[in-house]
Every structure is written in C-alpha cells, then in structure tokens.
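My plan was simple: start with the fold, then go down to single side chains.

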Amino acid sequence: MGRFYCRQGTQPVCPADAKTAVNILLVGSDSRGAALSQAEAGEPTDQRSDTILLVHIPADRKNAYVIWILRDTWVPIPGRRNAKINAALAFGGVPLMVETVESLLHQRIDHVALVDFEGFRALTDAVGGVDVDVPVPFTASQSPGYRFAAGPQKLTGEQALAFVRERYAFPDGDYQRVRDQQIFVKSLVGRIARPETLANPFALSRVVTQFAPYLTVDSGFTAQAVSALAFELRGIRPSAIVSFTLPTAGTGVSPDGQSIVIMDGEATEALAAAMSSGTVPQYVSDRNLQNGN
C-alpha cells in the first residue's frame with residue numbers, strides 16, 4: 001500500500017473530504033526536540049512512540065472510533081523485520097510508522113499528528129481540570145509524588161500528566177496505561193467538544209489554537225482543515241466516541257528475548273474489513289467494545 005504521509009511543503013496525496021471516511025494517526029511521546037525533526041523527515045532516530053492511536057471517522061460523521069495500539073505489539077515493519085510497533089518511528093520516522101499502520105489495517109492514513117505529552121497538562125488546565133473515575137489505585141513511579149486513589153476525582157494539569165504517563169505501577173503495564181489514557185481522553189474530549197463549541201467557528205478556532213503548540217501535523221492538516229472536520233462533527237456526542245484497543249492475544253517473548261504483546265491477527269483482519277466496508281458499529285457491538293475493551 002502506498003505511503004500517504006505528507007512531508008512538509010507538499011500537498012496531501014489524497015485529501016479527505018466529507019464524503020469519505022477519515023483516518024488520523026496520533027503518535028504521542030514524552031520526547032521531542034531534535035529527534036522529532038528527524039522523525040518527520042523519515043530519518044532513523046532513537047525516538048520511540050509511547051502512545052499510538054488511530055482515529056477512524058466514518059463517512060456519515062455520526063461516530064468516531066479511537067483505536068489504541070499498544071506500543072509493544074509485535075508486528076511486521078514494512079521493508080524491515082518483525083518488531084515492536086513503536087520501533088517503526090525509530091527505524092524510519094513518521095513515514096514508516098504510517099506505512100506500518102496502513103499495512104496492518106489496510107487503510108489509508110489521511111492525516112498524522114505527533115502529540116507532546118506536555119500538552120495534556122496545558123489542555124487540562126485550560127479547561128479547568130478533567131474529571132476521571134480512576135479504576136485502579138496507584139502510586140506513580142514515573143512522576144514521583146503522585147498517588148491516585150480509586151474513584152471519581154478532578155485532575156489538574158500536573159496530575160493529568162502523571163496519570164496518563166504511568167505504566168510501571170501496574171501488573172499488566174501498558175494495558176492499564178492505555179485504559180487510563182482512554183478514560184482521560186474521553187473526558188477531555190467531552191469537555192472540549194461541546195455542541196456550542198463545535199457549532200461556533202470562533203470557539204473552534206480558540207480550541208485549535210490551544211492545541212497547536214503541542215501538535216506537529218502533516219502539511220495538509222492545517223488549522224482550517226481541523227476546524228472544518230470538527231464542524232462536520234458538531235452533532236456528535238461523547239457517547240458516540242468509542243475507544244478500544246487493537247485486538248491482542250496476550251503477552252509473550254520475541255525470538256530475541258523481548259517482552260512483547262501478541263497481535264490477534266484474525267480479529268485485526270476483521271476490524272480492517274469492517275473499516276473498509278463501513279461496518280465498524282457492528283464490529284464494536286459484536287465484540288462488546290463500547291466500554292473501551
């Protein structure tokens with residue numbers, strides 16, 4: 001499948017429009033700097049992505065599906081070898097990460113954005129805090145000094161950053177981190193994507209401006225394009241934003257001794273077919289994925 005990542009200074013190969021589904025790849029990382037410019041250019045870098053998710057917006061714009069891909073999922077890297085999926089960024093930058101996800105789900109990636117984790121802090125403070133229901137209590141090891149009790153609570157920006165980063169405190173590591181990130185992102189989106197905001201071009205522009213410092217996007221994903229897509233989604237409600245994890249078959253050990261997540265190939269192919277045929281709602285319903293499984 002062709003590469004659809006748009007390098008800076010070029011036009012999108014196949015710009016999306018309101019008559020087709022849109023796929024947006026978001027790659028989150030704690031580190032940016034020089035490694036980020038290398039990743040954008042498609043050069044090898046020692047940067048690996050901490051969070052990978054694909055936002056699939058069907059043509060009817062009635063739902064949005066957020067597919068979280070565990071960073072340690074063992075997959076074929078096009079032109080390379082099998083490896084953890086987050087290694088694609090290190091091997092060949094953003095273009096290779098895009099090509100890897102495209103090959104897994106047989107979907108064109110229309111837009112790509114690199115997200116700075118620091119943005120979680122700023123955006124949380126900008127909306128006056130984000131309410132989450134912490135499912136598993138933990139003491140953060142990656143952000144010392146933070147402890148999260150189980151149950152509902154409002155997070156400040158600093159707390160949000162500690163909450164979405166943590167994985168070492170959990171027996172199942174990245175599985176629980178992704179669940180926590182799903183909880184946080186859905187609540188944050190609920191705070192931002194209110195009907196009165198999405199239907200107001202000026203309010204939309206302010207939201208985009210708030211996000212802008214923490215995003216590096218392809219050349220076709222301009223502020224105007226983001227605002228236009230958000231306006232198309234003005235009728236969507238938080239309940240119509242469904243998050244789930246790319247199907248896995250547990251954990252294991254790679255041939256070279258790494259701890260890995262094993263992809264469920266059959267279920268992933270079924271998801272790819274559903275995305276192509278516009279039947280993702282049926283896929284989600286059949287597998288009871290409404291609650292972020």
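Here are my entries, from the whole chain down to the salt bridges.

**Entry 1: the chain as a whole**

I noted before anything else that this is a predicted model. I then looked up the secondary structure and found ten helices and 14 strands. Of the 293 residues, 51% count as buried.

**Entry 2: the six-stranded sheet**

Next I traced an open sheet and read its strand order as β11-β6-β1-β2-β3-β12, with mixed pairing. Which strands stand at the edges? They are β11 (215–217) and β12 (241–245); each has a single partner strand, so one side of each is left without a neighbour in the sheet. From one strand to the next, the twist averages 20°.

Helix α2 (residues 87–105) does, and it touches β1 (22–29), β2 (51–57), β3 and β6 (111–116). The direction of α2 makes about 140° with that of β1.

**Entry 3: a helix pair**

I turned to helix α4 (residues 157–165) and helix α5 (residues 174–192), whose axes come within 8 Å and cross at roughly 140°. Which residues meet there? From α4 I listed A160, F163, V164 and R165, and from α5 R177, D180, Q181 and F184. I sorted the residues of this contact into four nonpolar, one polar and three charged.

**Entry 4: two positive phi angles**

R61 has a phi of about 60° and lies in the loop between β2 and β3. H106 has a phi near 55° and is found in the loop between α2 and β6.

Is R61 buried or exposed? Its relative accessibility is 8%, and buried means under 20%, so R61 counts as buried. H106, at 37% relative accessibility, counts as partly exposed.

**Entry 5: salt bridges**

I counted eight salt bridges. In one of them, the side chains of K84 and D72 meet at 3.8 Å, N to O. This pair links distant parts of the chain, with K84 in strand β5 (residues 82–84) and D72 in the loop between β3 and β4 (73–76), twelve residues apart. Both K84 and D72 are buried.

D72 turned up again as a partner of R167, with the closest N and O atoms 3.9 Å apart. R167 sits in the loop between α4 and α5, 95 residues from D72. R167 is buried too, as is D72.

I also looked up D110 and R108, which form a salt bridge with the closest N and O atoms 2.4 Å apart. D110 is buried, with a relative accessible area of 6%, whereas R108 counts as partly exposed at 26%.

Conventions
Residues are numbered from 1 along each chain as its sequence is written. This is a predicted model: local features need pLDDT of at least 70, side-chain atom pairs count only at pLDDT 80 or more; totals for chains, interfaces and linings use all residues. Side-chain values use heavy atoms; hydrogens and water are left out. Helices (H or I, at least four residues) and strands (E, at least two) are DSSP runs, numbered from the N terminus. Buried means under 20% relative accessible area, exposed over 50%, partly exposed in between (1.4 Å probe, protein chains only). Two strands pair if DSSP finds at least two bridges between them. Axes are lines fitted to C-alpha atoms, for helices over the stretch in contact, and angles run from 0 to 180 degrees between N-to-C directions. Contact means heavy atoms within 4.5 Å. Ala, Val, Leu, Ile, Met, Phe, Trp, Tyr, Cys and Pro count as nonpolar, Asp, Glu, Lys and Arg as charged, and the others, Gly among them, as polar. A salt bridge is a side-chain nitrogen of Lys or Arg within 4 Å of a carboxyl oxygen of Asp or Glu.
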